[in-house]
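Subject: Structure for you to look at

Hi,

Here is the structure I promised to pass on. Please open it first, then read the notes below it.

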Amino acid sequence: MTDTELIQGLINGDQRAGRFLVDEYQIMVYNTCYSFLHNVHNAEDVTQDVFIEAIKHASRFRAEAKVSTWLYRIAINRSLNYIRNNRKRRFWHEIDEFLNSGKAGHEPVEVNDPVEESEKKSFIARAIDALPKNQRIAFSLNKLEGLSYAQVAEIMELKLPAVESLLHRAKMNLQKKLKSYHEI
Amino acid sequence: MNCRECENIIFEANAAQFVNNQVKNLLEPHLSLCSHCHQLYTDYAKEMEQHFSGRRTQADDWFYAKVADQIKVANHDPVNTRNIFRLGAAFSGAAAAIFLGIFIGNQLIKPISESDYYSQVEVSASMPYASDNLYQDDAFLLVLESYLSETEKAAE
């Protein structure tokens with residue numbers, strides 16, 4: 001099935017097209033989400049959201065890109081949104097904890113939070129997560145997903161030198177952080 | 001190979017190259033001599049390997065069924081409750097910011113409001129000059145006063 005046939009099938013509500021999309025790209029989407037979230041359950045949830053968005057909004061697909069590139073973009077945005085929303089949830093949860101800390105019968109609420117899990121993460125993982133958004137995206141796609149500079153440039157809609165610059169700055173930032181960590 | 005070159009190779013490599021020991025083989029001679037680079041390599045490689053172990057290589061046959069179920073649920077629930085809560089939080093935040101702004105503004109503007117201005121003027125008008133009270137009860141002033149009056153009398 002070509003990209004055009006796939007997208008046309010999704011727009012027409014063809015279940016075979018939906019199944020083809022999920023079967024063909026689920027590993028790629030899941031691994032991309034995992035490289036941002038570092039958590040199996042969260043990555044699976046976000047992967048489902050990515051496919052739901054892709055199937056429901058197939059008409060938004062622009063024909064100049066490949067389906068895989070489009071899915072990468074949705075996966076990255078969804079993963080970063082998930083992290084951001086969990087940060088907000090964690091903030092309100094902490095306020096709630098603080099306000100109810102003295103009250104009897106207050107049960108702690110579980111927050112499924114990659115940020116909370118980051119406390120258990122290694123220093124290197126935290127240093128990667130702390131990179132500026134674009135550097136982090138470029139780093140995750142190139143170093144964790146193993147995509148080429150050209151593929152990263154296509155997904156991020158940037159020119160090749162811009163990707164090289166992002167990766168260079170990401171490398172410098174990591175080097176700086178790790179150096180200060182090892183000197184302590 | 002020096003430490004700088006070693007670090008460059010570590011940061012240039014991707015996760016797969018750590019897992020298949022490609023990086024280790026390349027750096028082995030330097031790592032056996034430099035404890036700093038050895039530590040950096042060990043920490044970094046561990047992280048990359050850990051990441052790699054969480055990746056999926058086999059597709060889940062039931063995944064499409066899960067996605068289809070979620071789509072059905074979403075179609076039956078046209079009002080997205082998550083969005084309502086998200087907007088609710090934003091509106092509450094905006095309202096709280098407005099009330100806080102009004103409160104702070106009120107506190108700042110209060111001292112120069114009209115009634116306060118006149119009451120302050122009244123207070124300052126009725127207040128005696130501070131210099132009036134200067135040395136009023138001072139024993140030294142009494143001695144000085146009596147000395148001056150005596151001197152005046154003598155002159156007369």
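Which residue forms a salt bridge with Asp129(A)? The partner is Arg136(A), and the closest N and O atoms are 3.1 Å apart. Please keep in mind that this is a predicted model.

Chain A has nine helices and zero strands. It has 184 residues, and 49% of them count as buried. Take the contacts in chain A between residues at least 6 apart in sequence: 61% of them join residues at least 24 apart.

Chain B has eight helices and zero strands. Of its 156 residues, 17% count as buried. Chain B exposes about 12100 Å², and carbon and sulfur atoms supply 60% of that. For chain B, 56% of the contacts with a separation of 6 or more are between residues 24 or more positions apart.

**Where the chains meet**

The contact uses 35 residues of chain A and 33 residues of chain B. About 3300 Å² is buried between the two chains. Carbon and sulfur atoms give 59% of that area. There are five salt bridges between chain A and chain B. Across the interface, 12 residue pairs are in polar contact.

Which elements of chain A give two or more residues to the side that touches chain B? They are helix 2 (15–37), helix 3 (40–56), helix 6 (123–129), helix 7 (133–144) and helix 9 (160–183). Helix 2 of chain A gives the largest share, 10 residues. By class, this side of chain A has 15 nonpolar, 14 polar and six charged residues.

**Salt bridges to look at**

Over all chains, the structure holds 10 salt bridges. One of them pairs Lys66(B) with Glu44(A), with the closest N and O atoms 3.2 Å apart. Lys66(B) lies in helix 5 (residues 63–76) of chain B and Glu44(A) in helix 3 of chain A, so this pair joins two chains. Lys66(B) is partly exposed, with a relative accessible area of 31%. Glu44(A) is buried, at 18%.

Another salt bridge joins Lys143(A) and Glu12(B). Here the closest N and O atoms are 4.0 Å apart.

Within chain A, Arg78(A) forms a salt bridge with Glu53(A), at 2.8 Å between the closest N and O atoms. This pair links distant parts of the chain. Arg78(A) is in helix 4 (residues 67–100), Glu53(A) is in helix 3, and they are 25 residues apart. Both are partly exposed: Arg78(A) has a relative accessible area of 29%, and Glu53(A) has 22%.

**Two loop residues**

Glu157(A) sits in the loop between helix 8 (149–156) and helix 9 of chain A.

Best wishes

Conventions. Residues numbered from 1 in each chain as written. Chains lettered and ligands numbered in written order. Predicted model: local features only at pLDDT ≥ 70, side-chain atom pairs only at ≥ 80, totals over all residues. Heavy atoms only, no water. Helix = DSSP H or I, 4+ residues; strand = E, 2+ residues; numbered from the N terminus. Buried < 20%, exposed > 50% of the residue type's maximum accessible area, 1.4 Å probe, protein only. Contact = heavy atoms within 4.5 Å. Buried area = accessible area lost by both parts, 1.4 Å probe. Salt bridge = Lys/Arg side-chain N within 4 Å of Asp/Glu carboxyl O. Polar contact = N/O pair within 3.5 Å; in protein donor to acceptor, adjacent residues only side chain to side chain. Nonpolar A, V, L, I, M, F, W, Y, C, P; charged D, E, K, R; others polar. Areas by Shrake-Rupley, 256 points an atom, 1.4 Å probe, with all protein chains shown as cover.
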